[in-house]
Amino acid sequence: MNIAIVGTGYVGLVSGACFADTGANVTCVDVDINKIERLKKGEIPIYEPGLDELVLKNVKAGRLKFTSSLPEVLNEQEIVFSAVGTPPDEDGSADLKYVLQVAKTIGQNLNKYLVVVTKSTVPVGTARKVRATIQEELDKRGVDVAFDVASNPEFLKEGNAIKDFMSPDRVVVGIESERAKNILTRLYKPFLINNFRVIFMDIPSAEMTKYASNSMLATRISFMNDIANLCECVGADVNMVRQGIGSDTRIGRKFLYAGCGYGGSCFPKDVKALIKTADDCGYSMEVLKAVEHVNEKQKSILFHKLQAAYNGESLKGKTIALWGLSFKPETDDMRESTALVIIKLLKEAGCTIRAFDPVAMDECRRRVGDNVIYCRDKYEAVFHADALLLLTEWKEFRLPSWDVVGSAMNKKLIIDGRNIFDPEELAEAGFEYHCIGR
Ligand code: UDX
């Protein structure tokens with residue numbers, strides 16, 4: 001089966017490598033010629049565990065190719081996936097210019113039946129626009145070929161993307177014809193050994209499913225953060241509450257961790273976009289507006305805890321250590337990360353910031369430049385620090401030597417934004433310790 005994937009970003013590259021691994025002949029397409037040249041040399045532009053090996057293996061096997069020209073390969077394909085970016089524009093709605101550009105190129109060059117599948121997260125109604133754009137270009141050329149559009153939203157988690165792709169809980173596919181359904185069923189057949197479900201539905205429902213899923217997950221997090229903040233007021237422990245409520249199978253155990261807010265490329269963007277979609281329809285998403293509001297507040301909570309630990313005294317001239325910069329472990333991605341909010345607040349307060357992250361240091365330098373002292377490891381970051389703020393729960397932060405940390409710090413103060421440390425152990429080691437909801 002020949003398929004092309006347009007857009008070699010996160011979703012495109014992971015999907016391309018994984019489909020190739022199941023035996024499909026995959027061509028990954030990107031307008032960025034530099035990126036394509038680098039990929040051809042085996043240089044992977046993103047950090048994702050296992051992706052390098054998977055790409056190399058399938059390139060060697062001849063099943064995975066890269067090109068910067070969609071027209072050159074278009075008419076060899078049965079399916080073209082569009083996985084280009086949909087950055088939010090100022091009002092929070094997804095900008096469809098790249099998605100529609102791909103549709104235009106397809107319409108300008110298509111000579112035989114094709115299924116055009118949108119994998120990017122796009123608002124309800126986008127498939128209809130893609131169809132209209134392709135048709136318009138075909139009409140201009142006076143060409144009469146049949147084609148189908150489909151929607152196949154992606155539920156990959158960064159850092160776990162390959163596993164998520166290879167053994168997903170479910171695959172959601174929005175289709176408009178039996179012909180497209182048969183082709184996509186064939187594509188996903190190799191995954192059936194893993195016993196997962198392909199759920200076929202109409203296209204608007206598939207488009208909506210992606211936003212509703214991410215919004216539901218974001219809602220759980222903001223809800224738990226709200227509960228955690230209340231736990232602090234009443235003297236309850238959010239960890240206990242989480243276990244208590246999570247063992248109700250209707251609620252489930254996952255995604256109930258209180259912390260210093262959610263970030264990343266998906267939750268913040270998708271929550272905003274769904275609020276905007278609703279606003280455009282004259283409907284107001286009250287729950288989601290609150291979810292967003294709680295999250296914004298939660299991202300600065302560690303700064304307020306730091307202020308409180310210093311009894312409101314000025315933080316000017318204090319040295320603050322940060323452990324973790326990415327929006328979550330196993331990625332260098334800092335989009336919407338809590339670290340960006342905290343760095344800004346600490347800078348405004350006149351603090352010196354010493355930071356360490358296992359992989360996101362270059363990304364941080366690119367974003368905030370010299371506002372931060374970049375340290376070689378976690379211990380160097382706490383040198384002479386007046387407090388340590390834990391922002392991302394990387395594994396290597398979980399079991400530090402408290403002796404080393406304590407003797408390096410000016411003041412033995414730890415504020416843990418992900419609840420990964422043991423309060424008793426830290427008290428024994430002589431630290432003042434604050435966390436979220438405990
Ligand atoms: C998410 C969805 O999980 C995925 O299905 C979708 O396709 C893209 O968006 P991702 O953004 O990679 O994936 O990360 P995820 O692991 O879901 O975490 C998102 C954020 O929520 C992180 O900042 C994380 O720290 C936070 N989080 C997660 C919590 O604060 N508490 C939790 O219980 C879980």
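These legends describe close-up views of one predicted model.

Local features need a pLDDT of at least 70, side-chain atom pairs count only at pLDDT 80 or more, and totals for chains, interfaces and linings use all residues. Residues are numbered from 1 along each chain as its sequence is written.

**View 1. Confidence in the predicted model.** pLDDT is the predictor's confidence in each residue, from 0 to 100. The protein has a mean pLDDT of 96. A value of 70 or more is reached by 100% of its residues. For the complex, the predictor gives an ipTM of 0.95 and a pTM of 0.92.

**View 2. Val6 in strand β1.** Strand β1 covers residues 2-6 and includes Val6. Strands (E, at least two residues) and helices (H or I, at least four) are DSSP runs, numbered from the N terminus. Val6 is buried because 27 other C-beta atoms lie within 10 Å. A residue is buried with 20 or more other C-beta atoms within 10 Å of its own, exposed with 12 or fewer, and partly exposed in between; C-beta atoms are placed from the backbone. Asp30 is 24 residues from Val6 in sequence, yet their C-alpha atoms are 5.9 Å apart.

View 3. Strand β5 (residues 114-118) runs parallel to β6, and five bridges join the two. Two strands pair if DSSP finds at least two bridges between them. Val116 stands opposite Val149 of β6. Four of the five residues in β6 (147-151) are buried. Together with helix α6 (residues 126-141), β5 and β6 make a right-handed β-α-β unit. Right-handed means that, with the strands pointing away from the viewer, the path from the first strand over the helix to the second runs clockwise.

**View 4. The shell around the ligand.** The ligand has 19 residues around it; Glu158, Tyr257, Tyr262, Gly264 and Cys266 come nearest. A residue is near if its C-beta atom, placed from the backbone, lies within 6 Å. Helix α9 (residues 203-234) gives the most to this shell, with three residues. Domain 1 (2-201) and domain 2 (211-297) each supply at least three. These bounds come from an automatic or database domain assignment.

**View 5. The six-stranded open sheet.** The strand order is β11-β10-β9-β12-β13-β14, with parallel pairing. β11 (373-374) and β14 (432-434) stand at the edges with a single partner strand each, so one side of each has no neighbour in the sheet. Three bridges join β13 (residues 413-416) to β14. Here Ile414 stands opposite Tyr433.
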